Amino acid sequence: MTLHIDEQNDRVVATLDRPEKRNAIDQETIDALHELCAMLETSPRTLILAGSAGVFAAGADIAQLRDRTADDARKGINATAFIRVHELPMPVIAAIDGYALGGGAELAYAADIRIATPSLRIGNPETGLGIIAAAGATWRLPEIIGEARASELLLTGRALEAEEALSWGLVSSLHATDDLLPAAHAIADRIAANDPLATQYTKRALGTPRTQHPAIEFELQAELFESPEKHRRMTAFLERKSR
Ligand code: COA
């Protein structure tokens, strides 16, 4: 099994676990990601994506990539799975220790929130292998760090170290290796304290193309304004004894 799933009430932790191949993402991992997404689409929970043995993922599996054909490229095998991860109803947190390269970086870009350790090395060396980064980097990276920086990274293939990734906003915080998962859980705890539907609708609004704003917000808010949970939470605030 290349992806370990730890299911909890309000979150799922998925750990890439193929350390002998530096967690390279192969077809088995992609199939497991689809299965995980199917579960989270039915039963929405925050997802924490992590690596193992000091590596997040050293890329798509180059041994499998080498044999793929034009037809395989057109199927967008990794892109399809990463888009599904990105579109999960609840937030996705990538906890990145060590290498996140190529497809591994693109899986991290698909998350809503990225945190890392000082040993982070993140980037897309695909052009060095004679291919393009086609599983999200060319459209997600400009959105995350801006077009100029994304162009520099993708056109040179260089990897960012932790501090630079932090200052570029590619990751939002750095933690010692032992503190990385606890930090991801602390973020999941904050999310769990909020109304799940409001969280899902916020994520949906964030992912909606610019031309559809603010109509989308009005529709989502219209539903929430009528929700019993909104009434309960606002009443609880107004009736706080400590005020
Ligand atoms: N696909 C397939 N196998 C990979 C892999 C990948 N993306 N990354 C690492 N591996 C395999 C190696 O082939 C090696 O297998 P082997 O033991 O059977 O020879 C094993 O994982 C260990 O890799 P190794 O390179 O010895 O580890 P390292 O710790 O010295 O270096 C990296 C780690 C990440 C710097 C190095 O493995 C690397 O550059 N990987 C490829 C990165 C890349 O180009 N990714 C983009 C792919 S789209």
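The model is predicted, so I use local features only at pLDDT of at least 70 and side-chain atom pairs only at pLDDT 80 or more, while totals for chains, interfaces and linings use all residues. I number residues from 1 along each chain as its sequence is written, and side-chain values use heavy atoms, with hydrogens and water left out.

**Entry 1: the ligand**

I looked up the shell around the ligand. Helices (H or I, at least four residues) and strands (E, at least two) are DSSP runs, numbered from the N terminus.

Which atoms of Lys21 and the ligand lie 2.6 Å apart? They are a polar side-chain atom of Lys21 and an oxygen atom of the ligand. I call this a polar contact: a pair of N or O atoms within 3.5 Å; within protein, one must be able to donate a hydrogen and the other to accept it, and residues adjacent in sequence count only if both atoms are side-chain atoms. The backbone takes part as well. A polar backbone atom of Glu20 is 3.4 Å from a ligand oxygen, and one of Ala60 is 2.9 Å from a ligand nitrogen. Taken alone, the ligand exposes 870 Å², and the protein buries 59% of that. Accessible areas come from the Shrake-Rupley method with a 1.4 Å probe; for residues, only the protein chains shown count as cover.

**Entry 2: Arg22 and Asn23**

Next I checked the loop between β2 (11-16) and α1 (27-42), where Arg22 is found. Asn23 is in the loop between β2 and α1 too. Phi of Arg22 is near 50°, and phi of Asn23 is near 60°. Most residues other than glycine have a negative phi. Are these residues buried (under 20% relative accessible area), exposed (over 50%) or partly exposed (in between; 1.4 Å probe, protein chains only)? Arg22 is partly exposed at 48%. Asn23 is buried at 2%.

**Entry 3: Gly104**

Gly104 lies in helix α5 (residues 103-109). Gly104 is buried, with a relative accessible area of 0%. I also looked at Gly104 and Ala60: they are 44 residues apart in sequence, yet their C-alpha atoms are 6.6 Å apart.

**Entry 4: helix α7**

I listed the buried residues of α7 (residues 147-156): Ala150, Leu153 and Leu154. They fall within an arc of 90° seen down the axis, so they line one face of the helix. The arc is that of the directions from the helix axis to the C-beta atoms. Ala148 and Leu155 are exposed on the other side of α7.

**Entry 5: Lys203**

Lys203 is found in helix α10 (residues 196-206). Lys203 counts as buried because its relative accessibility is 11%. What does its side chain reach at 3.2 Å? It reaches the backbone oxygen of Met90. A polar atom of the Lys203 side chain also lies 2.9 Å from the backbone oxygen of Leu88.
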